[in-house]
Amino acid sequence: MQAAQTTVDPAEVAKFEAMAAEWWDPKGKFKPLHMLNPCRLDYITRQIAGEYDRDLTAQKPFKGLRLLDIGCGGGLLSEPMARLGATVVGADAAEGNLPVARIHAEQSGLEIDYRHTTAEALAAAGEQFDVVLNMEVVEHVADPQAYLTACQQLLKPGGLHICSTINRNSKSFAVAIVGAEFIMRWLPKGTHEWHKFITPDELFALIRGAGLDPVDRKGFVFNPISWQWSLSDRDLSVNYVTASLKRG
Amino acid sequence: MDNPDCRRILAGMTYDSDILIVGGGLNGPALALATAQTGLSVTVVDALPRAAQAQDDFDGRAYALALSSKRLLTALGVWGRVAEYSQPMLEIKVSDGRAGEGPLSPFFLHFDHAEIEEGPMGFMLEDRFLRRALAEAMAEQDAITLLDGEAVVSQDRDASGVSLTLASGRVLRGRLLIGADGRKSGTAQRAGIKRTGWDYGQTALVCAIEHDLPHHGVAHQFFMPPGPLAILPLPGNRSSIVWSETHDNAAAFDALPDEQYMQMLRPRFGDFLGQIRLAGKRFTYPLNLTIANNIVADRLALIGDAAHGMHPIAGQGLNAGLRDVGALAQVLTNATRRGEDFAAAPVLERYQQWRRFDTASLALATDLTNKLFSNDNPFLRFGRDLGMGAINAIPGLRRSFIREAAGLTGDLPDLMRG
């Protein structure tokens, strides 16, 4: 199993186990991500199944696909992808997340290659993937064009790139910053810088500029009555997701 | 692999089945069938030996299955095995009565299935046929293992799974534990889940009767001062009786020999079905409401009476349990298709959110209905007669009651959509 990859000091294990429990607590600090996760996974699984002609009712439908999860955090997307049979590399620039993700994968009986690295470093090393997941990262990077170009380089020809982010308009300011950070306290204050948010048109231009062809986009819409997220064809006003393919 | 932590973790990851279900009554086997369809493996642990449940003769127990429940059983491959033994409920008549007055109260509610397009709003089915069909359907599934005559001694839940220790000393390991072990659920108790509830001060007397005249598929509910009396049509000239009385009265009636028991029943009943005779055994069920304060915990979910034991006033106990089955199976299936750990807390929380409001409101509604109708106060009687007359006079309102009785309202699981 994963024992060889757990290189942490045994004294630290208890601390990371507690942090793993926190990452995976649906009512805890990462509650908004847990609420959004089924909706994100529905989009990701259907895009992968459609692109690679896989049957989601089969056992391990993503077997044979090599997938990169950039900004993997506690492994909220890496674990489901591994469970569906994909060979997963989880990358995070925040070193503290990695032992947490490794311990939780071990508890879940999953083999996931978690690395403290960046998209640019992986691309420079010549790594190649069938699928790159780039979820809620692009609004945090300093140079989105350079970053998306690295994502494109990480894909095999014809490979699938899925990217989600937050729109920039008065509604997203109200919802994502005032609502999520200040009122609901879902996210720590200062999590987002509104001027870094990207409109769908800007993102499509950046994606094309990186050598990827956009093929789909959907909104993630929160319904405050059912208290659930769902996918929308039309409403991309706050959170949205895109799929694009590497020319090849 | 000489690291003890690693050995402990690996030992914890060998599973006998994905899902361990405690309770082999009706909801447990239904959930086993529903989850096996998703490709999950299931072990059902039942404290009763199978032989004790396999009754060939009619013992007098029967269920009123709502249309939504029939659809679920159809999707599970069970309905085809019992359809020929079922009796469609074509009409429901609800009236206010006093012992001796029978069904002749001037105000009554009349629900006719012809007013909704989906067909009969429910079906009566004897307990023995439903149990046998569930057992046969389970036996045909390789993914389902049944351990009968095995009591659970202890349970243990950790980050990787659940362990059950059985009285025989056998230990089972799974990913998710389901408590389908009734209103006194040991699974819930061992998990420290507390319950809320109260006693209704009533006991239900249950039996089946034969009668000379046909029932024409009509179900009757009379609201009598001591408690409601339901007459539910079975195939042929037979009906199932659910007769609620105060604990003291019920104990007195229960102690009577059959013929005197029937003498007590007849005046409550009227003569619209002609002569009536007892068919099968007599049962008593003390009526109480017991709702689990939480229906999920880490790697644990409760279904059926273990989650919500309610007043059987409208036959909603089993129907509510089968809604749990449909909802939980759908949540687990969707999670599996997304690659989520189906036993993880965020997934189980979706089941709890879906079912909690529905069951709490249904339990309260049946409780209030009973409190309102089990009463001989003349003002209350007049008020409810007016209310029933109003519901009856307004077709839209009446149709919404029919759809409620057919189990077609609320957020229906896919397996119940037909």
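**View 1. Strands E4(B) and E7(B) (residues 122-126) pair in the antiparallel sense over three bridges.** This is a predicted model, where local features need pLDDT of at least 70, side-chain atom pairs count only at pLDDT 80 or more, and totals for chains, interfaces and linings use all residues. Residues are numbered from 1 along each chain as its sequence is written, while chains are lettered from A and ligands numbered from 1 in the order in which they are written. Strands (E, at least two residues) and helices (H or I, at least four) are DSSP runs, numbered from the N terminus. Two strands pair if DSSP finds at least two bridges between them. Pro88(B) has Phe123(B) in E7(B) as its bridge partner.

**View 2. Helix H6(B) (residues 127-139) packs on the sheet.** H6(B) touches E3 and E7 of chain B. Contact means that C-beta atoms, placed from the backbone, lie within 7 Å. The direction of H6(B) makes about 85 degrees with that of E7(B). Axes are lines fitted to C-alpha atoms, for helices over the stretch in contact; angles run from 0 to 180 degrees between N-to-C directions.

**View 3. Strand E15(B) (residues 227-234) is mostly covered.** Eight of its eight residues are buried (20 or more other C-beta atoms, placed from the backbone, within 10 Å of the residue's own). Strand E14(B) (residues 218-224) pairs with E15(B) in the antiparallel sense over five bridges. Met224(B) stands opposite Gly227(B).

**View 4. E15(B) and E16(B) form a hairpin.** Six bridges join E15(B) to the antiparallel E16(B) (residues 238-246). Leu229(B) faces Trp243(B) across this pairing. Three residues lie between the strands. In the turn, Gly236(B) has a positive phi of about 75 degrees.

Notes. A residue is buried if 20 or more other C-beta atoms lie within 10 Å of its own, exposed if 12 or fewer, and partly exposed in between; C-beta atoms are placed from the backbone. Two residues are in contact if their C-beta atoms, placed from the backbone, lie within 7 Å.
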